[in-house]
Amino acid sequence: MQRFGTAAIPTHSIGLAFLKSDWQGAVDLILRERPGEHPEVVTARKAWLEEKNLDKALALMPRRVVAERCILESYKTQKGETRNALGALSTVSVVLDVFVS
C-alpha cells in the first residue's frame with residue numbers, strides 16, 4: 001500500500017500489470033480516480049482523465065501525490081506524448097526500487 005495508495009486500486013493489480021510488462025495498464029491504474037480522495041486530487045485527476053489537460057492536471061496535483069506527479073511530469077517532458085508508459089514509470093523512484101532491481 002505504501003507504494004501506490006490504498007485498497008481503492010489494489011496494489012496487487014498494479015503489481016500484476018508490472019509482472020505482465022503491461023506498462024500502460026500500470027499507468028492507467030495509478031492515474032485512475034479513487035473514491036474518497038481529497039477534492040483537490042479529484043480535480044487534478046479529472047483535468048487529466050476527462051479533459052486531457054496536462055498543464056492543468058500538473059498545476060492542480062498536490063506535490064504529496066508523488067507517483068502521479070512523476071508520471072504527468074514525464075509526459076510533460078515528452079511534450080504530451082503518452083506512449084512511453086515505461087519511461088514515465090521509470091521516473092517514479094519507488095517503482096524502480098521495487099520492480100526493476
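Guide: Val27 is buried, with a relative accessible area of 1%; here buried means under 20% relative accessible area, exposed means over 50%, and partly exposed is what lies in between, computed with a 1.4 Å probe on protein chains only. What you are looking at is a predicted model, in which local features need pLDDT of at least 70 and side-chain atom pairs count only at pLDDT 80 or more, while totals for chains, interfaces and linings use all residues. Residues are numbered from 1 along each chain as its sequence is written, and side-chain values use heavy atoms, with hydrogens and water left out.

Val27 belongs to helix α2, where helices are DSSP runs of H or I with at least four residues, strands are runs of E with at least two, and both are numbered from the N terminus. In α2 the buried residues are Gly25, Ala26, Val27, Leu29, Ile30 and Leu31, and the cover over them includes α1 (11-19), α3, α5 and α6. If residues up to four places away in sequence are not counted, Val27 touches Ile71, Tyr75, Ala85 and Leu89, a contact being heavy atoms within 4.5 Å. Computed along the sequence is one way to count separation, and through space is another: Val27 and Ile14 are 13 residues apart in sequence, with their C-alpha atoms 8.4 Å apart.

The structure holds two aromatic pairs, a pair being rings of Phe, Tyr or Trp (for Trp, its six-membered ring) with centres within 6.5 Å, called stacked if the planes are under 30 degrees apart, edge-to-face if over 60 and tilted for the rest. Phe18 and Trp23 form an edge-to-face pair, at 5.7 Å centre to centre and with 75° between the planes; Phe18 counts as buried at 7% relative accessibility, whereas Trp23 is partly exposed at 25%. The rings of Trp48 and Tyr75 have centres 5.8 Å apart and planes at 35°, so this pair is tilted. Because Trp48 lies in helix α3 and Tyr75 in helix α5, the pair ties together parts that are 27 residues apart in sequence. Both Trp48 and Tyr75 are buried. The charged end of Lys52 sits over the ring of Trp48, 5.5 Å from its centre, which follows the rule that NZ of Lys or CZ of Arg must be within 6 Å of the ring centre and within 35 degrees of the ring normal.

Let us stay with helix α5. Ser74 lies in this helix, which spans residues 66-77, and Ser74 counts as buried at 8% relative accessibility. Leaving aside neighbours within four places in sequence, Ser74 is in contact with Gly87, Ala88 and Thr91.

Side chains of opposite charge can pair when their charged atoms come close. A search of the whole structure finds eight salt bridges, each being a side-chain nitrogen of Lys or Arg within 4 Å of a carboxyl oxygen of Asp or Glu. One of them joins the side chains of Glu73 and Arg69, at 3.0 Å from N to O. Because they are four residues apart in helix α5, Glu73 and Arg69 are separated by about one helical turn. Glu73 counts as partly exposed at 33% relative accessibility, whereas Arg69 counts as buried at 8%. Elsewhere, salt bridges that share partners join Arg34, Glu37, Arg45 and Glu68 into one network. Within it, the side chains of Arg34 and Glu68 meet at 4.0 Å, N to O. This pair links distant parts of the chain, 34 residues apart, with Arg34 in the loop between α2 (23-31) and α3 (39-49) and Glu68 in helix α5. Arg34 is buried, with a relative accessible area of 8%, and Glu68 is buried too, with 7%.
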